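This report describes selected features of one structure in plain terms. The sequence and the model come next.

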Amino acid sequence: ASGSQPDTEAGAGTSGAAGGTAGGEESSFDYDIIVVGGGPGGYVAAIKAAQLGKSVAIVEKERFGGTCLNVGCIPTKALLRSAEALKEVRESADFGVVGVDGLQARLDMTFVQKRKQGVVNQLVGGVNGLLRGNGVTIVSGEGVVKDAHTVEAAGKIITAASLILATGSVAKHLPIPVDPAMEVLTSTELLQLDSLPESMVVIGGGVIGIEFAYFLASVGTRVTVVEFLDRILPMVDEEITQQVEKQLRDMGIEIHTSAKVTEITACGVCFEKNGKTCCAEADKVLMAVGRGPRLDGIDCEALGLKTERGAIVTDETMRTSIDGVYAIGDVNGKAMLAHVASMEGIVAVENICGHSSVMDYSQVPSAIYLQPEIACVGLTEKQAKEKYGEIKVGRFPLMANGKAKVAGEERGMVKVISEAKYGEIVGVHLYCIHATDMIAEAVVAMKLEATAEEIAASIHPHPTVSEVMHEAMHALADGRAIHF
Ligand code: NAD
């Protein structure tokens with residue numbers, strides 16, 4: 001082994017150096033693989049590689065789980081769960097609950113934060129346990145990539161035959177004047193608040209902006225959303241966005257689209273709309289205009305690593321422009337989603353192990369956690385028309401579903417789209433309770449190239465909300481749903 005061993009916490013059963021590779025070949029490197037970054041891309045890659053017999057080190061400077069577990073998906077969903085509990089209490093009289101004063105119900109944000117942190121800590125601990133249990137060597141500290149085989153971390157040099165870069169992303173800021181008297185938060189800081197602002201302007205009507213706008217409005221904050229494009233949630237099917245926008249407006253959220261933010265003043269956000277300058281006043285501002293790749297410890301120019309718009313360029317096998325160096329997750333800028341990062345990690349590892357694996361970005365599900373939830377996979381109706389010309393669309397409203405009626409949540413719809421020639425399903429869009437869990441059925445169906453007829457011929461359990469998918473497939477295949 002070359003280089004000195006760093007201060008590492010070796011996992012149970014770890015072989016340490018690559019000399020102990022499953023294949024038994026001698027190697028001049030310390031490890032088969034070094035993974036830089038321990039988010040859902042990096043830690044999944046490390047576990048998978050260890051399961052396939054590779055000796056693996058993972059370098060992480062903060063906590064395992066990355067943005068998703070620590071300051072993203074999981075804590076956001078924990079806050080939303082508290083908002084949902086509050087809503088249930090407030091609406092409990094509708095279900096015959098007596099003795100509860102719904103008007104007095106409110107969130108104790110200190111407790112909410114404690115619960116959120118408890119959930120996060122348990123999951124982060126779980127990731128640590130999984131890495132150790134699989135024999136991955138943990139290196140705590142910032143990794144600096146020296147060359148295609150070498151990383152400096154925790155004051156030592158470690159080497160590997162292959163590197164997997166998984167350093168994640170950071171929130172973007174707009175290049176506009178900002179008065180220092182106004183507190184401008186990103187999602188990271190907003191997740192730490194232990195008191196709720198009376199009012200908030202959210203810049204950006206994407207996933208982060210709308211999930212937080214929904215959370216804040218649910219718990220009593222006055223919210224204004226300012227979005228540059230002509231609609232919020234531009235990645236969601238237009239028909240569904242319209243319904244979601246109406247729901248948010250009905251909650252009291254003010255939404256300005258086609259609005260160009262020009263300045264953040266001491267009392268709010270100024271923007272241009274229809275040639276006029278407007279100002280939305282608020283106590284605090286949330287900046288949610290997207291995230292950009294994080295390249296801490298990776299000097300792409302010095303390494304000769306090709307980038308495009310700040311992201312490390314990869315092909316569908318996750319290989320970068322340097323032999324033996326792979327980049328997965330947000331840092332490659334392809335689709336900034338935890339589940340994409342994890343799959344990219346598996347693809348990278350399989351390729352390192354000599355298999356031939358590629359990423360398919362056409363079947364990536366999205367999940368947006370309002371209530372009702374939004375989930376989709378594949379093309380929107382507009383995109384499908386542009387791509388295929390002739391398409392078929394099947395729809396089913398939630399109000400015609402028994403389980404939704406029982407739950408008291410009948411808002412929303414499901415919409416399925418196929419291309420007309422072969423009947424291949426090319427898009428599925430859900431706006432309903434349990435949407436984020438139910439979208440997995442559509443992902444598998446699309447992966448297996450199932451037709452609407454085949455899904456309509458698959459028995460769905462009753463009474464469940466999943467029947468809406470079945471019904472929409474009937475609507476697509478036969479032109480008519482059974483129960484609508
Ligand atoms: P995003 O790209 O989803 O949305 C950013 C929004 O800001 C866009 O609608 C964009 O048009 C708008 N915008 C850009 N510049 C603007 C300007 N000057 N003024 C007003 N609006 C402007 O980014 P995000 O919401 O910040 O999320 C970052 C990443 O994290 C995304 O890739 C997202 O998919 C991911 N994420 C996913 C989930 C989830 O899947 N549930 C949750 C949170 C974050």
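E239 and R395 form a salt bridge, with their closest N and O atoms 3.0 Å apart; the term stands for a side-chain nitrogen of Lys or Arg within 4 Å of a carboxyl oxygen of Asp or Glu. E239 belongs to helix α7 (residues 238-250) and R395 to strand β23 (residues 391-397), so this pair ties together parts that lie 156 residues apart in sequence. Helices here are DSSP runs of H or I with at least four residues, strands are runs of E with at least two, and both are numbered from the N terminus.

The model is predicted: local features need pLDDT of at least 70 and side-chain atom pairs count only at pLDDT 80 or more, while totals for chains, interfaces and linings use all residues. Residues are numbered from 1 along each chain as its sequence is written, and side-chain values use heavy atoms, leaving out hydrogens and water.

Across the whole structure, a search finds 18 salt bridges. One of them joins the side chains of K61 and E142, at 3.0 Å from N to O. K61 sits in the loop between β3 (56-60) and α2 (66-71), and E142 in the loop between β4 (137-140) and β5 (144-147), so the pair ties together parts 81 residues apart in sequence. Another salt bridge links the side chains of K385 and E381, at 3.3 Å from N to O. These two residues are four apart in helix α10 (residues 381-388), which means that about one helical turn separates K385 and E381. A network of salt bridges links D237, E239, E381, K385, R395 and K415.

The table gives the accessibility of residues from these pairs. Buried means under 20% relative accessible area, exposed over 50%, and partly exposed in between (1.4 Å probe, protein chains only).

| Residue | Relative accessible area | Class |
|---|---|---|
| K61 | 36% | partly exposed |
| E142 | 37% | partly exposed |
| E239 | 24% | partly exposed |
| R395 | 35% | partly exposed |
| K385 | 45% | partly exposed |
| E381 | 16% | buried |

Which side chain makes a polar contact with the side chain of E344? The partner is Y361, at 2.5 Å; a polar contact is a pair of N or O atoms within 3.5 Å, where within protein one must be able to donate a hydrogen and the other to accept it, and residues adjacent in sequence count only if both atoms are side-chain atoms. E344 is in helix α9. E344 is buried yet has no salt bridge, and K334, the nearest side chain of opposite charge, is 6.1 Å away. Lys and Arg count as positive and Asp and Glu as negative, with His and the chain ends not counted.

Leaving aside neighbours within four places in sequence, G329 is in contact with A341 and E344, contact being heavy atoms within 4.5 Å. G329 is placed in the loop between β20 (325-327) and α9 (338-352), and at 5% relative accessibility G329 counts as buried. G329 and P40 are 289 residues apart in sequence, and their C-alpha atoms are 8.0 Å apart in space.

The model also has an open sheet of five strands in the order β9-β16-β10-β11-β12, with parallel pairing. Two strands pair if DSSP finds at least two bridges between them. The edge strands, β9 (183-185) and β12 (254-256), each pair on one side only. Strand β11 (residues 222-226) pairs with β12 in the parallel sense over three bridges, and V225 has I255 in β12 as its bridge partner.
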